[in-house]
Amino acid sequence: MRWMWWTGLGLAGAAVALGWYLGEATQVLMNAATVCLSCMGIG
Amino acid sequence: MRQWVQAASALLQNAYWAFPWTRTIYQGPLKKFCTPGLNCYSCPAAVLACPLGTLQHFLAGWRPALRWGTYRLGFYVFGFLAAVGLLGGRAACGWLCPFGFLQEGLHRIPSPKFRVPRILGGLRYAVLAVFAVGLPLFLTGPLGYGEPWFCRAICPAGTLEAGGLFFLMPALQEQIGLWLWIKIGLLVGVVGWAVVAYRPYCRTLCPLGAIYGMLNRWSLLRVDHDPDRCIECGRCVEACRVGLDPRREPDRAACLRCLTCATQACPTGALTAAVGPRRLERRTPCAPPSTPGS
C-alpha cells in the first residue's frame, strides 16, 4: 500500500508545480506583501 | 531539543527586524513561500506567507478566477498543505508553529492546570469548515470576492502578530471596529486558557491543525508501538500532553507529533519514532490462532 502514499505525495507536488505555473506563487506574494486588514479584524 | 527547534523556527519565520525603521511589513520574494505553521503574514517581522491565510485568499477568489479564466484556484497551497501533512502530519504543529510555541511558554507560568475536554477537539473541524472554507467561498460581495473570515473574526495569532501594525501605522487606529474587539477578546481568552491548559487553541480551534491532523495516519513521520516490548507501565500516557494513549492511538488527529512518548517516556523502546510510509496492511486483523490437529 506504500504506493498510495507516494501517489499522494506525487499529486501534492504536482499541485504545487501547477499552482506555480499558473502564477499562484506570485499571487501569494501579492496577498501577503500588503497589510491584510482582515488579519487585523478591520477592513 | 524540541524547544530549540521551535524557537529557531519562530525566529526564522519572523526574521524581518528592520520593520521599526521601515514602518512596513516585509514585501520581498520569500513571501511567495508558505510557512508550515500558523504565522500571520501581516506580522511586521514575518518573511513567509501563512498557509491558512493563503488558503482563504484563494477560496475567496474562486468565483472571479473561474469567471476570468485564470484558474488560480489554490493548487499551490492545497499541494503544500498535503505535502506537509503527508511528510510530518502534525509535526508542523509540534515542532514549527510559532503560536504553538507561544502557548507552551504560557503554560510554563505557575498556576493550577486543567485538562482540555476531549469533546472540544471537534470544534476545530467546524472552524475549518465554516470560517476557513465555507464563508470565504460562499459569502461573496458584488464582484464575487469573499473574505478570509477566519483571519477577520477569529485568528488570535493574527491579532497578536499583526497588532503591532497599529503602533507602526497610526492611521490604522481610526479603523478599529467590532471585529477587532472580538478578536482581542478571543486572544485574551486563548492566552489565559493557555496558562492553565496545554495548547488549548491548537487542540480546539486551529483549522490548520485540523488539516494536518487528518493526515497524521498517513504521515511519513510516525510513532510505532511494538506490543511485544510494551510492559504497560503507562508512562507514555502520563507523558502525553494532549491526553492520548500513544499505545493505542498513535495516529489520532490530536497527536502533535512531539514524540515525547517515544523519545523520553517509554522505558523499553516499545514506542519508537519512525520515518517511512506506513505499511497500511499491518492494520488488518490478525489471523485467528490455528487449532491443534487442524
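Arg2(B) and Glu104(B) are both buried in this predicted model. Their side chains meet in a salt bridge, with 3.0 Å from N to O. Arg2(B) belongs to helix α1 of chain B, and Glu104(B) belongs to helix α7 (residues 98-107) of chain B, so the pair ties together parts that lie 102 residues apart in sequence. Side chains of opposite charge can pair when their charged atoms come close.

Over all chains, the structure holds 11 salt bridges. One of them joins Arg257(B) to Asp251(B), at 3.2 Å from N to O. Both Arg257(B) and Asp251(B) are buried. Another joins Arg252(B) to Glu249(B), at 3.6 Å from N to O. Arg252(B) has a relative accessible area of 39%, so Arg252(B) is partly exposed. Glu249(B) has a relative accessible area of 18%, under the 20% limit, and therefore counts as buried. Glu232(B), Asp245(B), Arg247(B) and Arg248(B) form one network, joined through salt bridges that share partners.

Helix α1 of chain B, residues 2-13, also holds Ser9(B). Ser9(B) is buried, because its relative accessible area is 8%, under the cut-off of 20%. The side chain of Ser9(B) reaches the backbone oxygen of Leu96(B) at 2.7 Å. With neighbours within four places in sequence left aside, Ser9(B) is in contact with Trp95(B) and Leu96(B).

The largest nonpolar core has 51 residues. Leu38(B), Leu81(B), Phe150(B), Tyr201(B) and Tyr212(B) have the most contacts inside this core. Both chains take part: α2 (24-32) of chain A gives two or more residues, as do α3, α5, α6 (91-96), α8 (123-138), α9, α10 and α14 (207-214) of chain B. The largest share, five residues, comes from α5(B). In soluble globular proteins, nonpolar side chains tend to be buried together.

Helix α3(B) is mostly covered, with 10 of its 10 residues buried. Among them are Pro51(B), Gly53(B), His57(B) and Phe58(B). The cover over the buried residues of α3(B) includes α2 of chain A. It also includes α4 (62-68), α5, α8, α9 and α14 of chain B.

In chain B, 53 residues are in contact with 33 residues of chain A. The area buried between the two chains is about 3500 Å², and carbon and sulfur atoms give 69% of that area. On the chain B side, Lys32(B), Tyr76(B) and Pro277(B) lose the most area to chain A, together 18% of what that side buries. Zero salt bridges are counted between chain B and chain A. Seven residue pairs are in polar contact across this interface. Several helices of chain B each supply at least two residues to the side that touches chain A, including α3 (51-60), α5 (75-88) and α12 (178-196). Helix α5(B) gives the most, with eight residues. By class, this side of chain B has 31 nonpolar, 13 polar and nine charged residues.

One further residue lies in a loop. Arg217(B) sits between α14 and β1 (221-225) of chain B. Its relative accessibility is 37%, so Arg217(B) counts as partly exposed. From C-alpha to C-alpha, Arg217(B) and Leu180(B) are 37 Å apart in space, and 37 residues separate them in sequence.

Terms used. Residues are numbered from 1 along each chain as its sequence is written. Chains are lettered from A and ligands numbered from 1 in the order in which they are written. This is a predicted model: local features need pLDDT of at least 70, side-chain atom pairs count only at pLDDT 80 or more; totals for chains, interfaces and linings use all residues. Side-chain values use heavy atoms; hydrogens and water are left out. Contact means heavy atoms within 4.5 Å. Buried area is the accessible area (1.4 Å probe) that two parts lose on being put together, summed over both. A salt bridge is a side-chain nitrogen of Lys or Arg within 4 Å of a carboxyl oxygen of Asp or Glu. A polar contact is a pair of N or O atoms within 3.5 Å; within protein, one must be able to donate a hydrogen and the other to accept it, and residues adjacent in sequence count only if both atoms are side-chain atoms. Helices (H or I, at least four residues) and strands (E, at least two) are DSSP runs, numbered from the N terminus. Ala, Val, Leu, Ile, Met, Phe, Trp, Tyr, Cys and Pro count as nonpolar, Asp, Glu, Lys and Arg as charged, and the others, Gly among them, as polar. Buried means under 20% relative accessible area, exposed over 50%, partly exposed in between (1.4 Å probe, protein chains only). A nonpolar core is a set of buried Ala, Val, Leu, Ile, Met, Phe, Trp, Tyr and Cys residues joined through side-chain atoms within 4.5 Å.
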